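Please look over the sequence and the model before reading on.

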Amino acid sequence: MADALIARIETLADRLGAAKSSINRRFIGQDKVVDLVLGSILCGGHALLVGLPGLGKTRLVDTLSTVLGLKGNRIQFTPDLMPADILGSEVLDTGAGGARAFRFIEGPVFCQLLMADEINRASPRTQSALLQAMQEREVTIAGQHRPLGRPFHVLATQNPIEQEGTYPLPEAQLDRFLVQVDVDYPDRATERDILIATTGAEDAQVHQVFTAAEVLDAQSVIRRMPVGDTVVEAILDLVRACRPGEAEGAGLGDVLSWGPGPRAAQALMLTVRARALLDGRLAPSVADVAALARPVLSHRMALNFCRTGARRQSGG
């Protein structure tokens, strides 16, 4: 059994290398971003991409849809977007004999890879339409449970500086994102490569490496990868230290209003495996925990600004 699992991990690592090479043809020089987003999909989770406009977030999601063989849809979130624009709605049809019946028209959420562009521009009521979809992979409309695509992943984008006309995501929704991926400016050499590759007569083409069934199989392999006790203890130490009121928090209770829950520890247990797999390793290490601490925990914590302000005023 162990030999068979090792063989599957090694085969999957080779295919993931081919997928990353294909993605990097259209999304240049952002290896860390690619690894985090690809890793979140391997873990069966969702990712929140935070970055300024024009950094290629939409391009990355479109490329992932092609390379992974997933049916993708895109929603541009705006203040007037309604839940029915995401989930779908029932319409009344009249048949040839005059009989009337309701027919459900699926919304864009019925896909496998959903891009929620500028997700914080929609109202809380509309944002809440994604809560059940992200957690349970189904939606309830008119009392009927309707399953979504398998696999189902949400890759949402958010502008970190443009706050006018936006609504902060509620903590319950933030916690449903496996990782927060910060998309930064490229360095000079990378930006030069981007200019040359994207302003010619033809755009770089990518090819499909996985199918939807193979993505599901890869997700099952991730959950079977071994995790050593040292890594498990490092995850517990880190998550518990980031909670206010915890004795293990080393005084962080004075500066935090809320911290990560067990879902954050679960996210770390999965993402460290994905990072090891993307690096071609059979098991994760404590270094993987340290590398993924910020993407997994940053959106699951909030500073207590009142207390930090009081401490500064008192010279603490």
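This is a predicted model: local features need pLDDT of at least 70, side-chain atom pairs count only at pLDDT 80 or more; totals for chains, interfaces and linings use all residues.

Setting aside neighbours within four places in sequence, Arg26 is in contact with Arg59, Asp62, Thr63, Asp203, Ala204 and Val206. Arg26 lies in the loop between helix H1 (2–23) and H2. Its relative accessible area is 14%. The cut-off for buried is under 20%, so Arg26 counts as buried.

**Leu42 in helix H2**

- Leu42 belongs to helix H2, which covers residues 31–42.
- Is Leu42 buried or exposed? Its relative accessibility is 5%, so Leu42 counts as buried.
- Leaving out neighbours within four places in sequence, Leu42 is in contact with Leu16, Ala218, Gln219, Ile222, Ala274 and Leu278.
- Leu42 and Thr271 are 229 residues apart in sequence. In space, they are 8.5 Å apart, C-alpha to C-alpha.

**The cavity**

- How many cavities of 30 Å³ or more does a search of the whole structure find? The search finds 1.
- The largest cavity has a volume of about 40 Å³.
- Leu42 lines the largest cavity, together with Leu16, Leu38, Ile41, Leu68, Phe210, Val215 and Ala218.
- H2 and H9 each supply at least two residues of this lining. H2 gives the most, with 3 residues.
- By class, the lining of the largest cavity has 8 nonpolar residues, no polar residues and no charged residues.

- Strand S5 spans residues 113–117 and is mostly covered. Of its 5 residues, 5 are buried.
- Which residues of S5 point which way? Leu113, Met115 and Asp117 point one way, while Leu114 and Ala116 point the other way. All are buried.
- Strand S2 (residues 72–76) pairs with S5 in the parallel sense, over 5 bridges. Gly72 has Leu113 as its bridge partner in S5.
- Strand S8 (residues 153–158) and S5 run parallel too, joined by 4 bridges. Met115 has Leu155 as its bridge partner in S8.

**Two domains**

- The domain assignment of the protein chain gives domain 1 (1–224) and domain 2 (226–315).
- The centres of domain 1 and domain 2, taken over C-alpha atoms, are separated by 24 Å.
- The contact takes 27 residues from domain 1 and 20 residues from domain 2.

**The largest pocket**

- About 470 Å³ of space lies in the largest pocket.
- Why does the largest pocket lie between domain 1 and domain 2? Both domains give residues to its lining, so the largest pocket lies between them.
- The lining has 26 residues. Cys43, Gly44, Gly45, Arg137 and Arg223 lie nearest the centre of the pocket.
- Helix H6 (131–136), helix H9 (212–224) and helix H11 (262–278) each supply at least two residues of the lining.
- Which of the helices gives the most to the lining of the largest pocket? H11 does, with 4 residues.
- The lining residues divide into 11 nonpolar, 8 polar and 7 charged.

**The second largest pocket**

- The second largest pocket has a volume of about 280 Å³.
- Its lining is made of 14 residues. The closest to its centre are Gly54, Leu55, Gly56, Pro186 and Ile194.
- Helix H8 (residues 188–198) gives the most to this lining, with 3 residues.
- By class, the lining of the second largest pocket has 6 nonpolar, 4 polar and 4 charged residues.

**Points to keep**

- Arg26, in the loop between H1 and H2, is buried.
- Leu42, in H2, is buried and lines the largest cavity.
- S5 has parallel pairing with S2 and with S8.
- The largest pocket lies between domain 1 and domain 2.

Technical notes: Residues are numbered from 1 along each chain as its sequence is written. Side-chain values use heavy atoms; hydrogens and water are left out. On a 1 Å grid over the protein atoms alone, a cavity is a set of points where a 1.4 Å probe fits but cannot get out, and a pocket is an open set with protein on both sides within 12 Å along at least five of seven lines; lining residues have an atom within 4 Å of a point. Grid points are joined across faces, edges and corners, and a volume is the space filled by probe spheres set on the points. Ala, Val, Leu, Ile, Met, Phe, Trp, Tyr, Cys and Pro count as nonpolar, Asp, Glu, Lys and Arg as charged, and the others, Gly among them, as polar. Domain bounds come from an automatic or database domain assignment. Buried means under 20% relative accessible area, exposed over 50%, partly exposed in between (1.4 Å probe, protein chains only). Two strands pair if DSSP finds at least two bridges between them. Contact means heavy atoms within 4.5 Å.
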